[in-house]
Amino acid sequence: MTTVAQVRQALKPLLQRHSDLALAGRHLVLTPINHFTRGVYLARSGNPKIFAPTIDVGIIFMGIDRFHYGWGNTRLIHPIFSNLKGDTNERAQAIIKMDIKPFFGGWHFDNPENMEIMLSVIEDALVPLRKITKLEEVVEFASRNENNFTPFEFKYYARLMMATALGDFEEAIRIMDGPDYRQVGLRKDMMYWNPTFYPALIAGDRRELAKILHELEAITIKSLKYRKYWEPTPFPLELKD
């Protein structure tokens, strides 16, 4: 698997070209970070020389202390792959004959030409992500089917936190009070880990809800080393009457 040092070396030209980019471990992020991240995550692969970059947009106020994929879920692959026809076997043989490295959408660290193309593909992928500047736009991005492995409607925890952050308490209450077994489990978990959350939601207590969200955000900011790139801002619920 590739190392963080290799990720840093590979992305150095990109970081030099774009002042709004930063690297936090394996996560290439657009800055500043507010309540969400936009960028590309360069995941490990089974090959120690192969990068597997994936588009990722995620919220950072769920109290998560390690990286997890949000939305986007698009693996960035060599442009030539999209022009290949046939079934998986035929495409694999075509790639092998052309001696294109890496195979199946990864990128080879020891191939300078490959790295240059990877950086170009990443740059193109970041263009639409720069247009996402509001939490409402993150919700719209996340709700698209093509940006989800799991249907967005079943991501109850993320939907709950986003609805709460936006001040849509009716939607947040509907999510918590729903009959699906996952909603029942979510309600139990929230009552255990954040016992003041549900009462505050029912009461429309914006101050308490904002306090909880900021505390959860602080966990992720510290754990994923985003602090240097983070710009503290109020949640939308704090700006409403």
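**Entry 1: the cavity**

I began with the lining of the largest cavity, where S4 gives the most, with three residues. Helices (H or I, at least four residues) and strands (E, at least two) are DSSP runs here, numbered from the N terminus. I am working on a predicted model, in which local features need pLDDT of at least 70 and side-chain atom pairs count only at pLDDT 80 or more, while totals for chains, interfaces and linings use all residues. Residues are numbered from 1 along each chain as its sequence is written, and side-chain values use heavy atoms, with hydrogens and water left out.

My cavity search ran on a 1 Å grid over the protein atoms alone: a cavity is a set of points where a 1.4 Å probe fits but cannot get out, and lining residues have an atom within 4 Å of a point. Points are joined across faces, edges and corners, and a volume is the space filled by probe spheres set on them. I got one cavity of 30 Å³ or more. The largest cavity holds about 120 Å³ of space. It is lined by 15 residues, and the closest to its centre are Ile 59, Ile 60, His 68, Thr 220 and Leu 224. I sorted the lining by class and found eight nonpolar, five polar and two charged residues. For that sort, Ala, Val, Leu, Ile, Met, Phe, Trp, Tyr, Cys and Pro count as nonpolar, Asp, Glu, Lys and Arg as charged, and the others, Gly among them, as polar.

**Entry 2: confidence and overall make-up**

Next I checked pLDDT, the predictor's confidence in each residue, from 0 to 100. Its mean over the protein is 87, and 87% of the residues reach 70 or more. I flagged residues 94–104, where pLDDT stays under 50 and the model has 22 contacts beyond four places in sequence; a contact means heavy atoms within 4.5 Å. I flagged residues 84–89 too, with pLDDT under 50 and seven such contacts.

I noted nine helices and six strands. Of the 241 residues, 47% are buried (under 20% relative accessible area; exposed is over 50% and partly exposed in between, with a 1.4 Å probe and protein chains only).

**Entry 3: helix H4 and its surroundings**

Which residues of H4 are buried? I found Leu 135, Val 138, Phe 141 and Ala 142 in this helix, which spans residues 135–142. Seen down the axis, they fall within an arc of 110°, so they line one face of H4; the arc is that of the directions from the helix axis to the C-beta atoms. They pack against strands S3, S4 and S5 and helices H3 and H5.

Ile 132 sits in the loop between H3 and H4 and counts as buried at 7% relative accessibility. Beyond four places in sequence, I see Ile 132 touching Phe 36, Arg 38, Val 57, Glu 137, Val 138 and Phe 141. Arg 38 is 94 residues from Ile 132 in sequence, yet their C-alpha atoms are 8.0 Å apart.

In H5 I picked Ala 165, buried at 0% relative accessibility. Its contacts beyond four places in sequence include Leu 135 and Leu 213. Ala 165 and Leu 213 are 48 residues apart in sequence and 7.5 Å apart, C-alpha to C-alpha.

I logged a cis peptide bond between Thr 31 and Pro 32, with omega about 0°. Pro 32 lies in the loop between S2 and S3. Lys 225 has a positive phi of about 60° although it is not a glycine. I place Lys 225 in the segment after H9, and at 63% relative accessibility it counts as exposed.

Note on methods: On a 1 Å grid over the protein atoms alone, a cavity is a set of points where a 1.4 Å probe fits but cannot get out, and a pocket is an open set with protein on both sides within 12 Å along at least five of seven lines; lining residues have an atom within 4 Å of a point.
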